[in-house]
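Reader: Hi! I'm new to this one, could you walk me through it?
Author: Happy to, let's look at it together.

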Amino acid sequence: MNRLAAWLKQASSAVVFTGAGMSTESGLPDFRSSLQGIWKGKDPIQFASTHALYHNRDVFADFYRMRVEGLIRCQPHQGHEILAQWEQAGLLTGIITQNVDGFHQQAGSRRVAELHGSLRSITCMVCGSTYPSERYLQPNGTTCQCGGFLRPCVVLFGESLPEAALVEAEELTQCADLFIVLGSSLQVSPANWFPQLAKEHGAKLVIVNMEPTELDDLADLVINGEKIGSVLQQIQCDL
Ligand code: NAD
């Protein structure tokens, strides 16, 4: 932990890359934890894919209603706030996130590349109107005023990542001399390409994750078995 605090102070451009494990301490489940991930015993294609959107719409809508309820129930935690403070203090250049919950921005982070879109809004597949995602929880909330189906503004299995977020993430990664992964199994591509790109460009790579990941061998420092919130608080004390 001392080492990471020292690297953060020395870095000229530190970048954080977050996954669903960043938000479990807020109360949102992750996807692939061995004990309680959302996908445990489930096939993601049945719920969160373009196939589900077109051919299994009731199941799709129920799944995203459940996710939107989670957003309303939960808040960013102290770890999200610490990252926002680091950006304000000039210790962190930006955040690349796979999360769709918007907690980084809610906690005050400004430069955030959302690789998988945002669950904060929904958009009409016919006229393109957008609404806050809370609408999903209202009666008939999946239907636009024009009659079209409203879908969440997230990237589904079978879709490409948004161009603007990809460009932003690539720019952050190529300039980073310290790249810190927080709470990702690093199993989802192309998102898991960024830690590898950072390493290729000479950054120190740090992976903080409850369980081991496939990229641990590439990392300069791996912290397993500790909660992100407590790791960030310890680093904050060492700064
Ligand atoms: P993942 O579920 O594959 O991996 C999360 C990892 O975080 C796990 O390996 C787990 O051991 C670790 N973890 C969980 N809680 C932790 C904690 N408190 N401290 C340290 N580590 C912890 O998630 P991923 O790699 O982000 O997978 C990508 C997909 O997950 C994306 O498609 C993303 O959109 C989606 N997702 C997002 C949210 C969200 O927005 N909050 C929630 C669920 C899934």
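Author: We'll go through the ligand site, the cores and a few backbone details. Keep in mind that this is a predicted model.

Reader: Thanks! Which residues are closest to the ligand?
Author: The closest are R32, Q98, D101, S184 and S185, and 29 residues surround the ligand. That shell divides into 9 nonpolar, 12 polar and 8 charged residues.

Reader: And which ligand atom does the backbone of Q98 lie by?
Author: An oxygen atom: a backbone N or O atom of Q98 lies 2.7 Å from it. Ligand nitrogen atoms come up too, with a backbone N or O atom of M210 at 3.0 Å from one, and a polar backbone atom of I228 at 3.1 Å from a ligand nitrogen.

Reader: How much of the ligand's accessible area does the protein cover?
Author: The protein covers 94% of the 860 Å² that the ligand has on its own.

Reader: Switching topic: which residues touch the most other members in the largest nonpolar core?
Author: Those are F60, F63, Y64, L119, Y136 and L150, in a core of 25 residues. Two or more residues each come from α2 (50-55), α3 (57-73), β4 (117-124) and β6 (150-154). The largest share, 5 residues, is from α3.

Reader: What is Y64 in contact with, beyond its sequence neighbours?
Author: Leaving aside neighbours within four places in sequence, Y64 contacts F47, A48, L119, Y136, P152, V154 and L156. There is also a second, separate core of 24 residues, which includes L4, V16, L83 and I95.

Reader: Why would such residues gather like that?
Author: In soluble globular proteins, nonpolar side chains tend to be buried together.

Reader: Nice. Where is there a cis peptide bond?
Author: It joins S189 and P190, with omega about 10°. P190 lies in the loop between β7 (178-182) and α7 (193-200). L186 is in the loop between β7 and α7 as well, and has a positive phi near 55°. As background, most residues other than glycine have a negative phi, and most peptide bonds are trans.

Reader: Is L186 buried or exposed?
Author: L186 is buried, because its relative accessible area is 3% and buried means under 20%.

Reader: What about N140, buried or exposed?
Author: N140 counts as exposed, because its relative accessibility is 62% and the cut-off is over 50%. Its phi is positive too, near 60°, and N140 sits in the loop between β5 (130-132) and β6.

Notes
Residues are numbered from 1 along each chain as its sequence is written. This is a predicted model: local features need pLDDT of at least 70, side-chain atom pairs count only at pLDDT 80 or more; totals for chains, interfaces and linings use all residues. Side-chain values use heavy atoms; hydrogens and water are left out. A nonpolar core is a set of buried Ala, Val, Leu, Ile, Met, Phe, Trp, Tyr and Cys residues joined through side-chain atoms within 4.5 Å. Buried means under 20% relative accessible area, exposed over 50%, partly exposed in between (1.4 Å probe, protein chains only). Helices (H or I, at least four residues) and strands (E, at least two) are DSSP runs, numbered from the N terminus. Contact means heavy atoms within 4.5 Å. A residue is near a molecule or strand if one of its heavy atoms lies within 4 Å of it. A polar contact is a pair of N or O atoms within 3.5 Å; within protein, one must be able to donate a hydrogen and the other to accept it, and residues adjacent in sequence count only if both atoms are side-chain atoms. Accessible areas come from the Shrake-Rupley method with a 1.4 Å probe; for residues, only the protein chains shown count as cover. Ala, Val, Leu, Ile, Met, Phe, Trp, Tyr, Cys and Pro count as nonpolar, Asp, Glu, Lys and Arg as charged, and the others, Gly among them, as polar.
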